[in-house]
Amino acid sequence: MAPTKHYVFLCFTALCIIPLFFRPVLAHDRPVFACDVETNPELKNLSFCDTSLDVQARVSDLVSRLTLHEKIGWLVHGAKGVSRLGIPYYEFWSEALHGISVIGPGSHFTSLVPGATSFPQVILTAATFNETLFETIGKVVSTEARAMYNVRLAGLTFWAPNVNIFRDPRWGRGHETPGEDPVLTSKYATAFVRGLQQRDDGDKDKLKVAACCKQYTAYDVENWKGIQRFTFNALVTQQDFDDTFQPPFKSCVVDGNAASVMCSYNQVNGKPTCGDPNLLTGVIRGQWKLNGYIVSDCDSLKEMFYTQKYTKTPEETAALAVNSGLDLNCGAFLTRNTQKAVDRGLLNESTIDRAVSNNFATMMRLGFFDGNPSNQLYGNLGPNDVCTSENQNLAREAAREGIVLLKNSAGSLPLSSTSIKLLAVIGPNANATHTMLGNYVGIPCNYTSPLQGLMVSVATVYEPGCVNTSCATAQVDEAKTVAAAADTVVLVMGSDLSIEREGFDRVNITLPGQQQLLVSEVASVSKGPVILVIMSGGGMDVQFAKDDPKITSILWVGFPGEAGGAAIADVIFGAYNPSGRLPMTWYPQSYADTVDMADMNMRPNPTTGFPGRTYRFYKGPTVFSFGDGLSYTTFNYELLATPKHISLALEEGHACRSSECKSIDVVEEICKDLGLDIHLRVKNEGEMRGSHTVFLFSSPPQLHNAPQKQLLGFQKLHLEAGGEGLAQFDVDVCKHLSVVDENGKRKVVLGDHLLHVGSLKHSLTVDFPLQIRILI
């Protein structure tokens, strides 16, 4: 294993550039908490310190004791201490997208805890399609977070996950998300948040740590051809909004019970998301019943005023945000401008009370006001619970389970270590370490680069081929010489954060610089298998490699985390049977050349030639498709008894009793107990055990601009060679077989729905009894 290196990381937000530094470990490094009755017994007399009372009563008591100035101090991420009440300073901003991060001032690493487990970037974890794994990773991250909190190295509030839809392949932050599909993204959000938040004692009123669903909403432009996220106005139809952009956030809050939502920089249909009362108070609080706080993206209020120029004065921006439902400002804007807003009569103190009450309630659910954490459930955790061997093994398992095999010619993978005399490992990412982590990272427990992982099994020769991933000038001759002398070649190409990152979108989706030239030239002189490994966040147009018979295998490995090199070697040498499936479409470069990234429409427009977006709507050629992924074995399906017809029960007086209907509104009366079970027998017919994702898709009748295909659900099975398993899907007709119409209303479309499972297709007719229909 490579020794851990100490890097300087940058915070890619409007707010700051934060250098990473190690501070000395102090003897008094114990967690920050309020109501320290052991040190100050007088605090026992304060009701907000009384753990026998409910949260609402405690919060009401606390807020009633605060001055307006003190309340304003708890409207920002660096919440000000109230020493007279035994309340210390608290830092809300910590990040844990795929492990404890150094981004944000709430988390630190020292010699006491020099690193934390760095799991694969989210897009690769999503490629596992393993809900159990999603939750398990969240649980490990929250355990390490609690352990670090106990030695004053982390907070309790973590701003993750990112549940935006990976709408366009050029988006620089797409790899932070679970991909392009609303169902997958929703399931990831729910499972990961539960892993972070749920306590081991089952107390649903309390939190292990507090998660945050971000960035709400329709946020997926960084900086594309001068179009900046700080000023971008996302023009979204109601139909796209309700069936693509909003569902993951709804699931994150409603099903995951997330304790926070972060509003984004951009505007949606002319209104800043952090200043839209409908989006915040109306939807998040009113419809979804958020039990927690709403926070702004960092400095988004400043951007709303200074860059978007949405209001005339700073205090008007402050008032707009808080009146709209914002509770916490990442930044200092509310510190500077809230009092002015009150003085001008733009903001009432009672509204500020609402905001800080939500913040305090979250902290009380975390135990922050319950006294010394060492006396609480997780008080025994400490440095020995970070970077455990079990956690590091899980990082390796997540990486190898997510790796996607996209091409595999006969006789290529898996490689046999005993038959290879010399393996050439070539490419700018061949010896990558920090690149494997992606963004929002901390310091990993260890690194294993691809080169290090591969050289464990066979004699290896290494040639980078490019100075860096930009590969302005490929070192073709040197690479060809190395390749020609080897039995087998592994090319590790792709991108890094200089190409895909927060604040920066791609223009081209091909391999950067002269990487394609390097790959083709090396393949042309190779005498054995050529394995192309693509380390990237988004998809790449590698049609040339797909078509080149000399390139015998293609693997996509995302940004695979601290154990990425070991996981890549596990797959290449057959210690692990690949089971990852693409969570996003890989488009040709022609898509990037012709499609306006700022066009938020999901559905195709034949009049303008707009081809649509994602596998659900896109009508055009692909390099690889959503769900693609090969295995070293073969899985076959058998569809067991499944109904061919479902009838809807309509109440007396329903409009469709007296007129012909093609779709029916989703309402409780019709939908109650309306479902079906789909059972499939899955058999591993190969000679190698492996895992397999079973997808259930539906193609609904083409009404209301419905998706041409949509994912209803997925299950991950683990089967021995020759073994069988059962996949079962519980299909709720109103939830799974409905579509969103042009006005954002969910409808059950009548007619034939085509269900897909692999190559199997099953027609299911949805209607209502003929005797009550008026036939025309």
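Start by selecting W74, W159, F369, W556 and W586: these have the most contacts inside the largest nonpolar core, which has 184 residues. A nonpolar core here is a set of buried Ala, Val, Leu, Ile, Met, Phe, Trp, Tyr and Cys residues joined through side-chain atoms within 4.5 Å, with buried meaning under 20% relative accessible area and exposed over 50% (1.4 Å probe, protein chains only). Keep in mind that this is a predicted model, where local features need pLDDT of at least 70 and side-chain atom pairs count only at pLDDT 80 or more, while totals for chains, interfaces and linings use all residues. Residues are numbered from 1 along each chain as its sequence is written, and side-chain values use heavy atoms, leaving out hydrogens and water.

Next, pick helix 4 (residues 131–149), which gives this core its largest share, nine residues. Helices are DSSP runs (H or I, at least four residues), numbered from the N terminus.

For the contact (heavy atoms within 4.5 Å), show residues including F134, I137 and V141 of helix 4 and L184, Y188 and F192 of helix 5.

Now jump to helix 11 (residues 333–343) and color its buried residues, F333, L334, N337, T338, A341 and V342. They fall within an arc of 145° (directions from the helix axis to the C-beta atoms), so they line one face of the helix. Finish just past the helix at G345, with its positive phi of about 80°.

Definitions and conventions. Helices (H or I, at least four residues) and strands (E, at least two) are DSSP runs, numbered from the N terminus.
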